[in-house]
Amino acid sequence: MNPLSSPRHHGTTPRRPNIGLSPDWVQPADSAFPRYELKVPYAEAVLRAGGLPFVLPYTDDASCVDAYLERVSGLVVTGGAFDIPPSAYGEEAREGMGPLKEGRTAFEAHLIRGALKRNLPVLGVCGGMQLLAVVLGGTLFQDILREVPGARDHEQKHDRTQPQHPVEVKNGTLLAEAVGHGQLMVNSTHHQAVNKPGTDVTVSAVSPEGVVEAIESTAHAFALGVQWHPELMLGTIPVHLGVYKSLVQKAREHRR
């Protein structure tokens with residue numbers, strides 16, 4: 001196909017809803033300027049699911065956050081190599097805590113609260129799921145190996161496009177609608193986990209040793225968190241795209 005030619009459409013093409021994605025913030029050692037980073041698979045998953053991904057730069061201006069949320073139909077809160085401040089869920093730091101990115105966490109928490117207030121569809125991925133739980137009134141285990149008896153290491157060392165362990169997806173949940181109920185193989189890149197899930201929150205998947213692997217709010221149309229990275233496994237276990245498809249479909253319905 002000629003890349004300069006117009007694509008041909010047959011029939012009605014579903015509208016692509018705007019999906020906001022929270023980026024990471026890094027300060028390179030060789031630069032005076034920080035930069036935003038977003039792993040390509042997040043955007044690819046949104047595109048493959050039928051959405052239009054938009055990166056949302058950080059701000060502490062409430063009017064800017066409101067403007068973001070007026071322009072998107074759904075929200076993805078991404079993961080990263082940092083922890084949520086324990087003060088956010090009423091605890092002190094314990095041994096095993098990792099680095100913090102308090103500015104990022106404050107911005108993402110503001111986004112989540114605003115999105116939930118508007119009943120916008122929200123997907124929290126890995127650390128994004130943990131923050132969703134905290135916003136909904138939950139708490140975290142600050143380090144799984146230190147605080148969860150019998151737990152395995154949930155930070156896999158091999159290729160993250162490959163699975164690490166199974167989870168049990170509970171029937172009758174949003175997650176089951178997206179990927180099916182029963183056993184699902186997932187990757188695993190976290191050292192913290194949800195302890196108390198929060199108010200009006202259902203645990204929709206657990207690992208074999210009982211670590212919470214997915215949550216969803218029963219008080220909102222679509223507020224789902226998954227502890228793994230489905231966007232990294234689309235080539236190895238394609239059913240994971242269902243997580244993003246569910247978000248995009250709910251976003252499409254929200255703006256009708």
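So, to start: how many bridges join β1 to strand β4, and do they run parallel or antiparallel? Four bridges, and the two strands run parallel. Keep in mind throughout that this is a predicted model.

Let me stay with β1 for a moment. Strand β4 covers residues 52-55, and within that pairing I19 stands opposite P53. β1 also pairs with strand β5, residues 74-77, again in the parallel sense, over three bridges. There, G20 stands opposite L75 in β5.

Okay, on to the helices. Take α1, residues 40-48, and α7, residues 241-254: they pack at an angle of about 60°, with their axes 8 Å apart. The crossing is right-handed. From α1 you have Y42, A45, V46 and R48, and they meet L241, Y244 and V248 in α7. Sort the residues of that contact by type and you get six nonpolar, no polar and one charged.

If you ignore its neighbours within four places in sequence, Y244 is in contact with Y42, A45, V46, A49, V76, L123, V125, P230 and E231. And that brings us to the core. The largest nonpolar core has 32 residues, and Y244 is among those touching the most other members, along with V76, L123, V169, L175 and W228. Who supplies this core? At least two residues each come from β1, α1, β6, β8, α6, β9, β13 and α7. The largest share is from α7, with six residues.

Helix α3 is residues 102-117 and α4 is residues 127-135; their axes come within 10 Å and cross at roughly 60°. α3 passes α4 in a right-handed crossing. On the α3 side, the contact residues are T105, E108, A109, I112, R113 and L116, and on the α4 side L131, L132 and V135. By type, that's six nonpolar, one polar and two charged.

How values were computed. Residues numbered from 1 in each chain as written. Predicted model: local features only at pLDDT ≥ 70, side-chain atom pairs only at ≥ 80, totals over all residues. Heavy atoms only, no water. Axes fitted to C-alpha atoms, helices over the stretch in contact; angles between N-to-C directions. Left-handed = near helix turned anticlockwise from the far one by under 90°. Contact = heavy atoms within 4.5 Å. Nonpolar A, V, L, I, M, F, W, Y, C, P; charged D, E, K, R; others polar. Core = buried A, V, L, I, M, F, W, Y, C linked by side-chain atoms within 4.5 Å. Buried < 20%, exposed > 50% of the residue type's maximum accessible area, 1.4 Å probe, protein only. Pairing = 2+ DSSP bridges.
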